[in-house]
Amino acid sequence: MIRRSILATALSVLTTAALAQTATQPPAATPPAATSPAAASSAGTSSAAKSDITLAKFQKRREKAIMAADTDGDGKISLLEWQAFQAKRNVRRAPAKSFARIDSNHDGFIDRAELDAFFAKRFARLDKNGDGILTADERPSHKSAPKPEQ
């Protein structure tokens with residue numbers, strides 16, 4: 001019971017820190033909001049709009065997948081946990097290198113705030129038109145998908 005309380009407190013502190021960090025960033029760093037309520041409602045009816053991904057959805061999906069590496073349940077990922085996670089996923093690149101890229105404060109752990117920041121940068125890179133939504137043509141195809149010439 002106490003462990004859950006500590007975890008909940010730690011997560012709320014991390015969330016607050018992440019929100020404070022994003023609040024201090026310049027407005028240009030945040031993706032623009034949806035254009036208009038009329039455009040949003042008409043876009044919501046098309047099948048293409050259902051497959052569109054917002055930053056929040058993108059972060060939530062990626063964070064859920066990555067936090068599976070947190071085997072001890074402390075809310076952060078150590079280098080050993082990251083290496084085991086990458087080995088399980090058969091990633092050929094050096095896990096220490098990717099870990100260092102995500103661990104922006106260099107404390108030896110990846111936490112949710114660092115993941116949010118990392119995925120926000122990745123989202124911005126993928127969002128070619130800067131509208132705050134990843135459409136099907138902006139998303140990279142899955143590695144196992146057949147190539148068009150096959």
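A: In this predicted model, the largest nonpolar core consists of 18 residues. Those with the most contacts inside this core are Phe58, Ile66, Ile77, Trp82, Ile110 and Leu115. Four helices, α4 (55-66), α5 (79-88), α6 (95-102) and α7 (112-126), each supply at least two of the core residues. The greatest contribution comes from α7, which gives five residues. As a general background, nonpolar side chains in soluble globular proteins tend to be buried together.

Apart from its neighbours within four places in sequence, Ile66 is in contact with Ile77, Trp82, Phe85, Arg89, Leu115 and Phe119.

The helix α6 may be considered next. Its residues Ser98, Phe99 and Ile102 are buried. Viewed down the axis of α6, the buried residues fall within an arc of 105°, so they line one face of the helix. In general, an α-helix has 3.6 residues a turn, so residues three or four places apart point the same way. The cover over the buried residues of α6 includes β2 (76-78), α5, β3 (109-111) and α7.

The structure contains four aromatic pairs. One of them joins Phe58 and Phe119 in an edge-to-face arrangement, with 6.2 Å from centre to centre and 85° between the planes. This pair links distant parts of the chain, since Phe58 belongs to helix α4 and Phe119 to helix α7, 61 residues apart. Both partners lie under the 20% limit for burial: Phe58 counts as buried because its relative accessibility is 2%, and Phe119 counts as buried because its relative accessibility is 3%. Ring pairs also link Phe58, Phe118, Phe119 and Phe123 into a cluster.

Lys76 is placed over the face of Phe109, at 4.3 Å from the ring centre. Not counting residues up to four places away in sequence, Lys76 touches Met67, Asp70, Glu81, Phe109, Ile110 and Asp111; of these, Ile110 is among the residues with the most contacts inside the core. The C-alpha atoms of Lys76 and Glu114 are separated by 9.8 Å, although the two residues are 38 residues apart along the chain.

Technical notes:
Residues are numbered from 1 along each chain as its sequence is written. This is a predicted model: local features need pLDDT of at least 70, side-chain atom pairs count only at pLDDT 80 or more; totals for chains, interfaces and linings use all residues. Side-chain values use heavy atoms; hydrogens and water are left out. A nonpolar core is a set of buried Ala, Val, Leu, Ile, Met, Phe, Trp, Tyr and Cys residues joined through side-chain atoms within 4.5 Å. Buried means under 20% relative accessible area, exposed over 50%, partly exposed in between (1.4 Å probe, protein chains only). Contact means heavy atoms within 4.5 Å. The arc is that of the directions from the helix axis to the C-beta atoms. Rings of Phe, Tyr and Trp (its six-membered ring) pair if their centres lie within 6.5 Å; planes under 30 degrees apart count as stacked, over 60 as edge-to-face and the rest as tilted. A charge sits over a ring if NZ of Lys or CZ of Arg is within 6 Å of the ring centre and within 35 degrees of the ring normal.
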